[in-house]
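Colleague: I am new to this structure. Can you show me how to read its features one by one?

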Amino acid sequence: MSEVNAGAAHAGAQSESNLDLIIVGAGFAGMYMLHRARGLGLAARVFEAGSGVGGTWYWNRYPGARCDVESMQYSYQFSDELAAEWEWSERYSPQPEILEYANHVADRFDLRGDMQFDTRVERAHFDEASGRWNVTTSDGGQWSAQFVVMATGCLSSANKPKIDGLESFRGDTYHTGQWPHEGVDFTGKRVGVIGTGSSAIQSIPIMAAQADHLTVFQRTPNYMVPAHNGALDQGYAAEVKADYGALRDRARTRPGGIDIEINMAPAMEAGDAARREVYESKWARGGFGFMGAYGDLMLDQAANDTAAEFVRGKIRDVVDDPDVADLLSPHNIFGCKRLCVDTNYWQTYNRSNVKLIDVSEEPIERLTPGGLRARGEDFEFDAIVFATGFDAMTGALLRIDIQGVGGEKLVDKWAEGPKSYLGLSVAGFPNLFTVTGPGSPSVLTNMLPSIEQHVNWISDCLDYIRQHGHAQINPEAVAEEDWVAHVRETAGLSLRATCSSWYVGANIPGKPRVFMPYMGGYPAYLEKCAEVVENGYQGFALT
Ligand code: NA7
């Protein structure tokens, strides 16, 4: 325990303090980290830029925002009571319900007392003399702690492209990841939407139903699978709850940490008709389970082509105008960018008030006072929605001035791409941990269980350090290099690393092109994390 307890630490927000642990972010990772830290008797404090808990689900309030993992698989596992009492209402939970769940967890475990909201961590510098982290917050607070956990999220740094004339536009602009809390009424408005990723495809059908006219600017069309969302089958929910552990055990054996059935047979061994039947049955079931149609969809180009063509066929079936259907049809690798889980997206283009503009060959020229200019044409808008995504995985970390041993800056260390041991910690930055950091399976898996696994690992590690009288943990450079090499090697085995997605940082100009998440699969990763612990924190220097 530190000399100053957590209660005393809140008293002076602007002052020096002696915390054991500073947690950055009050999303699902930060909340659970605080809960575990308290269980270990650590004086911990959470800083959160938003005014409440929930992270991703606090910020992404755009119309139609919804989880693309089924509700019965997207919740905390650490408390049986919590799991038993919480009831989801839909097959895929809408953002307001997930945010309500986050608030329920904060209340139930009384977390808010050690959280400081509306406060951004701006700087974290490691002080070699004291072996502690000095942390500066946006309210001028100066804090110090032995450990720092970055629970900053993988998709939390909004990407608003620097299009010329941005400031000249007289109407309203919105980013899906920073949506106004009071909501937006587009009734009677002419709306432009930039982007066609998950956030766009969820919000476009709803905005189109409200707006007078909606124009979508598409740079790259995306593959989708249907959600078939609806009220959650309460019989199924009860069945899962009766043995939650079984579902979670199965999920841990799947590469994405989601309990879906995976057919390991190669796609090309099946005849055309049989393969089509398999795809149709997956399509009828909906969701990410489609990826389990054949085990080699992301490994074999020919197999992938069959899935891609099947989906293009679905677009042609749904969209009335063949030219629009063509424009909406992706021709890159199926599943290379993250698949979207859809409700009525393609159908929306059959509406007379919706127009699709292809900006794949000529980027949007500029925003103008009245709207925007693209393909040599002026478009008039009352509002423009940026559904342009995030500086993924590294963005939120690198906008904090993080300096480790010898004043080394994380931004310099990662200039050619992120380097991390297990996506959990970075050599030269002792006692600092990242939850679902680059080099861990993170965004390729079901985020909530992955977050929980990281927080459990970090908490057990903190406990070990204290029990064994150590002061510091720091990955060895060679262990980090080996892990980074392994992460890159596994990425190379899949078709997923080959396209321009946010997984490789391609959406951010100037970002090094490196496949950031670990592709070796969730089970292999769990095994590696456990093995490191069994071998006395192999690859780490404990001092
Ligand atoms: P995404 O998936 O990164 O989508 C962003 C979209 O914005 C995508 O279609 C981009 O096209 C497009 N974009 C970005 N910049 C521009 C410019 N300058 N001009 C035109 N179009 C642009 O973000 P989301 O928020 O939808 O989803 C993020 C994740 O959240 C998602 O994967 C799920 O995990 C949940 P591009 O494809 O780069 O050509």
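Colleague: How do β1 and strand β6 pair, parallel or antiparallel, and over how many bridges?

Modeller: Start with the terms. Strands (E, at least two residues) and helices (H or I, at least four residues) are DSSP runs, numbered from the N terminus. Two strands pair if DSSP finds at least two bridges between them. Here β1 and β6 (residues 142-150) pair in the parallel sense, over five bridges. Leu 21 has Phe 147 as its bridge partner in β6.

Colleague: How far can I trust the model behind this?

Modeller: It is a predicted model: local features need pLDDT of at least 70, side-chain atom pairs count only at pLDDT 80 or more, and totals for chains, interfaces and linings use all residues. Residues are numbered from 1 along each chain as its sequence is written, and side-chain values use heavy atoms, with hydrogens and water left out.

Colleague: Which strand is joined to β1 by four bridges?

Modeller: That is β2 (residues 44-47), and the two run parallel. Leu 21 has Ala 44 as its bridge partner in β2. From β1 the chain crosses through α2 to β2, a right-handed β-α-β crossover. To judge the hand, point the strands away from you: the crossover is right-handed if the path from the first strand over the helix to the second runs clockwise.

Colleague: Is β1 (residues 19-24) buried or exposed?

Modeller: Buried means under 20% relative accessible area, exposed over 50%, and partly exposed in between (1.4 Å probe, protein chains only). Six of the six residues of β1 are buried, so the strand is largely enclosed by the rest of the structure.

Colleague: Now helices. At what angle do the axes of α2 and α15 cross?

Modeller: Axes are lines fitted to C-alpha atoms, for helices over the stretch in contact, and angles run from 0 to 180 degrees between N-to-C directions. The axes of α2 (residues 28-39) and α15 (residues 447-467) cross at roughly 30° and come within 9 Å. The crossing is right-handed. A crossing is right-handed if the near helix is turned clockwise from the far one by less than a right angle, and left-handed if anticlockwise.

Colleague: Which residues of α2 make the contact?

Modeller: Contact means heavy atoms within 4.5 Å. From α2 come Phe 28, Ala 29, Tyr 32, Met 33 and Arg 36. The α15 side includes Leu 448, Ile 451 and Val 455. By class, the contact of α2 with α15 has nine nonpolar, two polar and three charged residues. Ala, Val, Leu, Ile, Met, Phe, Trp, Tyr, Cys and Pro count as nonpolar, Asp, Glu, Lys and Arg as charged, and the others, Gly among them, as polar.

Colleague: Where is Tyr 74 found?

Modeller: Look in the loop between α3 (56-59) and α4 (80-85). Tyr 74 is buried, because its relative accessible area is 9%. Leaving aside neighbours within four places in sequence, its contacts include Phe 28, Trp 57 and Leu 448.

Colleague: In what order do the strands of the five-stranded open sheet run?

Modeller: The order is β7-β16-β8-β9-β12, and the pairing is parallel. The edge strands are β7 (172-175) and β12 (354-358), each pairing on one side only. From one strand to the next, the twist averages 20°.

Colleague: Which helix lies across β8, β9, β12 and β16?

Modeller: Helix α6 (residues 198-210), running at about 155° to β9 (213-218). Ser 203 is in α6. Ser 203 counts as buried, because its relative accessibility is 1%. Leaving aside neighbours within four places in sequence, Ser 203 is in contact with Tyr 62, Pro 63 and Thr 176.

Colleague: Finally, hairpins. How many residues lie between β13 and β14?

Modeller: Two. Three bridges join β13 (residues 366-368) to β14, and these strands run antiparallel. Thr 368 stands opposite Gly 371. β14 is also joined to β15 by four bridges, again antiparallel. Leu 372 stands opposite Phe 379 in β15.

Colleague: What phi does Arg 375 take in the hairpin of β14 and β15?

Modeller: A positive phi near 50°, in a hairpin with two residues between the strands. Arg 375 counts as partly exposed, because its relative accessibility is 45%.
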